[in-house]
Every structure is written in structure tokens, then in C-alpha cells.
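I opened the structure and wrote down what I looked up as I went.

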Amino acid sequence: MVSHSSGATVHKGRGATYDPHNRFAPTRSVAEDDGWWHEEATTTLATEVREEPSKSALSWNRSPDLPFDRSLNPYRGCEHGCIYCYARPSHAYWDLSPGLDFETRLIARTGLVEHLTEELSHPQYVCRPINLSGNTDCYQPLEANYQTTRRLLELLLACRHPVTLVTKSTLVLRDLDLLAEMAEHRLVRVFVSLTSLDANLKRTLEPRAASPQARLKVIRELNTAGIPVGTLVSPIIPGLTDHEIERILEAASRAGARTATWMLLRLPHEVAPMFEAWLQAHYPERAAKVMSLIRQCRSGKNYDAQFGKRFRGDGVFADLIAQRFNRASRQWNMQPRTEQGLNTRDFRPPQAQGDLFY
């Protein structure tokens, strides 16, 4: 644990420097020194996991910004600890802080396979691609023990149901056998998130995620196994990572990625002050410039949640990012992300009579 002149406390292996107030809590507690002796607080922040019986499996959305209308999230919170994660504010719904709680107090949802089986068996269910990791990474470290993602993939393969995956973890290679078989039936696409090729930046920006080189290796191995793989350059952080756009796309293309898309940094709710605190702790000389450029892309605000703007921003700098990304994508023959082409015709409900000759 290291304290900086900015007042922020940096915990080794963690992204957030503090726990912001839960905006849904009716009261707020503030620690005050009463002058009495007390034991020093531990400098180690252990990861705690609790289980939560799920009430349903699929989450539905009607967002015009997203290429999918349904997603599946096995876990709440994420041990990767990415300081910029737009999912952090959701932790407040479970009476937890979007800060350190989000990356240390995790929730594993149970019963998802059973619920998904029921939902796919509904007579009115219409098969379209399911997105895994719409909120938090389905291959974060606790997946190694719970294996919920693997069991979901086994079900989807048996049903011939298409799926898209987004991850920044090497654990996805554990399921190479399932993904390769799904690819043979045009049932899967994997998108590997690449934020930066700078390993030093990654250590504080995404403290427990795989290194940039490890993610490029994942792209190579997926491509070698015949699994369609693309890259998600997200988030692009003005003044901090935007200068890497061309190099990231080149590296991803050389590794075997065939599609690419990008998103601008999003700072909803508590993420904005946490990100500013992180900047002051790690990049104080750049903090003012980075926040200024972010606001230039967000109509003078830290964030704009409007459809059509939340992923791309607007203004001169945002337009420049888009132009550079599009030009580099053409140079390296990278196509936009799409769910088109995935096989929905062979879907068969889990409880349906199977083909005797299959």
C-alpha cells in the first residue's frame, strides 16, 4: 500500500484507490481519528467471493449502440480491477462500493445453466447470438474454480446456439476445444480487448488482467485453431492511449485478428472521480490534459450517456480518433465487428427431441 501526495492510496494489484460512497445508501459514514491508539489497517486486500442464486440467465437490451440484444454475465464485480470499467457503478445495486469492493468483493451467480436451459426451451424463444461478458469478464480469475462459463458454452454447443465472447484473459484458451467445435458450426466469435501495448501502463490501468503480449498470444492461438477472432480497442483514453491506435491494430492484425472496433472511455457515475484519482496517483503530470481532452469529447462533461454518443463521443478530437481508427483498419484489412454470419438456423431447444441419426 502506497500513499501519494494527491492523497490517494495505491494498493498493489488493485485499480481503485478508494471506495466511493454507495449512491443508494441512505446514510454516509466518514472515518475520523479520535486520538485513541488503534491497530494499523491491513495493507493486503484479499478477494472475497459470495454466491448468489440467479433468478434468470439472460439480460435483454434495446440499445441501438449494441450489436446484440441479449447477454449473459456469470459474475458481478471483476478481479481484473480495470480502473475505467463502466460496470463499476452496478456494484452499488448490491449495497457494495463501485471502488475497491468491485474488484475484491465478487459475486458468483449460481443456477445459470439451469435457468438458461429453461429460457432457451420457451416456445416463443427466438434464436439470436448471446453476448458473454456484456458487463464483467466471464473469464476473470474465479472462473478457473467455478467453470460457469465453460458449462454455459457446453450447453450452447449442444443446442447449436451462437455466442460472442469478449475477454482480456488467457483463461479463454482453456476452452479451446469447445470454441473450436463451435467455430466449425459457425456458432462463435471471440473478441480480445486490447487497451494498450504498454505493459507498464497496463499494470496500473488493468492490474490483474493479462499482459498485452499474452493477449496477442491468445489472438494467435484462437486464430490458429480456426476460431474467428477480433479485437476490441477499448477504451481509447484521450491523451493516454490514443497514440497507440495504429500500433494496436497492426499488432492485432499480425496476430490473426480479422475484425476490430473501438470505444471511447466512458466515465459514468462514480467512475469519473475514481479515474481522476487514479490519474493523480499515477500520471499527475498528465491528469489535467487527459481530463480536458475527455471533456472535449463529451460536450464539456465527464460523460454523455446519449445513444449514438456514449461509445464514440463527439467533437473534433473524437472525430480525429474515428478517422485514424478507420484508416488503420483499412490498412490492415480489419473489418468492423458484426454478429452477422453466425448460424441461427441449426438451433434446437435443449429439451427438444434430438435427431436419432445425429
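**Entry 1: the outward side of a helix.** I began with α11 and asked which residues on one of its sides are exposed. They are V316, Q323, R327, R330 and Q331. I keep in mind that this is a predicted model.

**Entry 2: the other side.** Next I looked up which residues of α11 are buried. The list is F317, A318, I321, R324, F325, A328 and S329. A rule I want to remember: an α-helix has 3.6 residues a turn, so residues three or four places apart point the same way.

**Entry 3: neighbours and length.** What do the buried residues of α11 pack against? I found β11 (229–236), α8 (245–255), β12 and α10 (287–296). I also checked the span of α11: its 16 residues reach 23 Å from the first C-alpha to the last, close to the 22 Å expected at 1.5 Å a residue. After α11 comes N333, and its phi is positive, near 55°.

**Entry 4: aromatic pairs.** I then searched the whole structure for aromatic pairs and got six. One of them is Y75 with Y146: the ring centres are 6.4 Å apart and the planes are at 65°, so I noted the pair as edge-to-face, the cut-off being over 60 degrees. Y75 belongs to strand β6 (residues 75–76) and Y146 to helix α3 (residues 143–146), so this pair ties together parts 71 residues apart in sequence.

Entry 5: W262 and F325 have ring centres 6.2 Å apart and planes at 40°, so their pair is tilted. W262 is in strand β12 (residues 259–264) and F325 in helix α11 (residues 316–331), so I have a link between distant parts of the chain, 63 residues apart. Both W262 and F325 are buried.

**Entry 6: a cluster, and charges over rings.** F275, W278 and Y283 make up one aromatic cluster. Where does the charged end of R266 sit? It lies over the ring of Y86, 4.4 Å from the ring's centre. The charged end of R337 sits over the ring of F191, with 4.3 Å to the centre.

Key. Residues numbered from 1 in each chain as written. Predicted model: local features only at pLDDT ≥ 70, side-chain atom pairs only at ≥ 80, totals over all residues. Heavy atoms only, no water. Phe/Tyr/Trp six-rings, centres within 6.5 Å; stacked < 30°, edge-to-face > 60°. Helix = DSSP H or I, 4+ residues; strand = E, 2+ residues; numbered from the N terminus. Buried < 20%, exposed > 50% of the residue type's maximum accessible area, 1.4 Å probe, protein only. Lys NZ or Arg CZ within 6 Å of the ring centre and 35° of its normal. Expected span 1.5 Å × (residues − 1). Contact = heavy atoms within 4.5 Å.
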